[in-house]
Every structure is written in structure tokens, then in C-alpha cells.
Amino acid sequence: MLLILCPYCQSRRAELEFRNVGAAHISRPSDPQTTTDAQWGEFLYQRDNPKGRIAERWLHIHGCGRYFNAIRDTISDVFVTTYKSGEPPPAMPSEAKP
Amino acid sequence: MPDSATMLTNAPPLARFVLRADAETTIKAGAVYGLDLPLTINQGASKGERGKPGARVALKLGPDEFWLIVPEAEGAGVRALLDTALAGCVCALVDVSHRQVGFVLSGPDAATLLSSGCPLDFDLRAFPLGMATRSVFDKIEFMVWRMAQDVFRIEVARSFGPYFEAMIAEARHDLV
Ligand SMILES: [Zn+2]
């Protein structure tokens, strides 16, 4: 079973306790009134689908109930790291995007 | 053979509250509650005897989430005390007395029975005395708190109570 380190509980818990809640670090446009349909569509629907490392939001729903962020490898399913919401994503120089 | 000393019993009627509060408010709440709320996440604290007058339980299940459990008859009084003490504080106090049912699983096979449905490691080194956390048991969410080496307090949503009892009974058969 896949174990995920919850940055709030500070313990490794079974994947069953968690939910994936999509891509991380996507901010809602601050002023929707002046946002074009294209920009709003981009915010709602356009997501990267990388082969390799991706920053995702996860929810420890059957645990502490908190959202946090994780860097996961979509090929191997390895959780590279997890960190609290609001913290910047850790630098990953070896996996930098071209 | 399953050890006949291992028993699943119902907790007595209880009043339950969920308190969401920051550290400062937590200290205020502890002062009137008569029991300091745990500082560490996934920890439980208690005083008195379960269901008996004056018994108090405080479980920290999230970074700012506490469950306060007291005898049913004292629920209204505790709520009034907390309401007064926490007036003006940014916090939430919700009565969830009837949302859940409580169980006590005790005896030499208690940890083994829990392991039949829960992915947590119930070895004392991984799940020490006083640890309390939400997790999953078969297909339901539950809260498990280790009160002694062989004594676990469990809370599940009311409608899942019969399911939990049935799954523990099923697990007992596997021990034969
Ligand atoms: Zn957690």
C-alpha cells in the first residue's frame, strides 16, 4: 500500500485516508469581472498533464482533514515530497521544465 | 482461538462537541473545561472514569480541531461554560452528540481485531498510549484512541455502528 507523509500529522498514512484534489498552485483570478472568457476557461479547465513530477493538492480526509501539497511522479507514483498549503513548491532543479 | 476476554462494548451515553480554535483560545477552553486540551496533533487526554460524573475527554484530531466528550447529563452545562468563556473568540463549537456512537474494544486481541480492517500500525511503538486519530476501518471512517495497551475507544458515525460491530464479529471468526 502506498504511504503518504501528511505534513500536518507528520506521520506516514495509507493512501486510503487521502483524496487527490487536482493540480496545486492554481490561483483564482483576483478580479473575475475583468477576466476574459478565455482567461476564465484557462483557470477552470487548462491543466498540465506531465509525464514525470507534478505538484498536486491532496486532502487527508480520513485523518486530520487538512489540504496539503505534494510532488508526485506520474510515472512511478512516488511521492517525492509533501508540504503544507501556502508554502512554495520546493525547487527541483534536476526536473526543471524546459 | 480468539481470546474470550476481548470484548466490544458500547460506550455509555455521551455528549460530544467539536471545537475548532487557535492555540490561545484552546488554552482558555481548557481552563473552563477542567482538562487541558492536548497540544500535539493526534493525541488524547482524559480525566475521571468513562460515563461517570466529572469525566472529561479531549482529543486533538487536526491542527485546530478538538473533540470534547463528557457524560450526557453534563453536556448542556459544559456547553454553557464554553459559550461564556469563548465569547468573542474566533472559534467554532458544535454539538455533535448524536452524530456518533462510541465503542470500547478491550482485551488481548483488540489490536489484532482492529488490524483486520485498519491500515494503521497498532504496535505500541507506532501507536503509543494516548494516541488518537481518525482513520478508515474496512469501508467506513472511524476514530480510534488508545487508552491502554489493550483498550481502544472508538467512535463511528451513528449509521455505521452496526456495520462496525459486524465487521469486528467477522474478524473474530478469522482468529479461530
Ligand atoms: Zn493529516
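Q: How many salt bridges are there between chain A and chain B?
A: The count between them is one salt bridge, meaning a side-chain nitrogen of Lys or Arg within 4 Å of a carboxyl oxygen of Asp or Glu. Keep in mind that this is a predicted model, where local features need pLDDT of at least 70, side-chain atom pairs count only at pLDDT 80 or more, and totals for chains, interfaces and linings use all residues. Residues are numbered from 1 along each chain as its sequence is written, chains are lettered from A and ligands numbered from 1 in the order in which they are written, and side-chain values use heavy atoms, with hydrogens and water left out.

Q: Which side chains meet in it?
A: Those of A:R66 and B:D64, at 3.1 Å from N to O.

Q: And where do the two residues sit?
A: B:D64 is in the loop between β4 (56-62) and β5 (65-71) of chain B, and A:R66 is in the loop between β4 (53-59) and β5 (67-73) of chain A. Strands here are DSSP runs of E with at least two residues, helices are runs of H or I with at least four, and both are numbered from the N terminus.

Q: How many salt bridges over all chains?
A: Twelve.

Q: Back to the interface: how many residues does each chain bring to the contact?
A: Chain A gives 13 and chain B gives 16, with contact meaning heavy atoms within 4.5 Å.

Q: What area do they bury?
A: About 990 Å² between them, 53% of it on carbon and sulfur atoms. That is the accessible area (1.4 Å probe) that two parts lose on being put together, summed over both. A:R13, A:H62 and A:R66 supply 44% of what chain A buries against chain B, more than any other three residues.

Q: New topic: what are the elements of chain A?
A: One helix and six strands, running β-β-β-α-β-β-β from the N terminus on.

Q: What does its C-alpha trace span?
A: About 45 × 30 × 20 Å along the principal axes of chain A.

Q: Last one: how do the residues lining the second largest pocket divide by class?
A: Seven are nonpolar (Ala, Val, Leu, Ile, Met, Phe, Trp, Tyr, Cys or Pro), four are charged (Asp, Glu, Lys or Arg) and one is polar (the others, Gly among them). A pocket is an open set of points on a 1 Å grid over the protein atoms alone, where a 1.4 Å probe fits, with protein on both sides within 12 Å along at least five of seven lines; lining residues have an atom within 4 Å of a point. The lining includes A:I61, B:W67 and B:F160.
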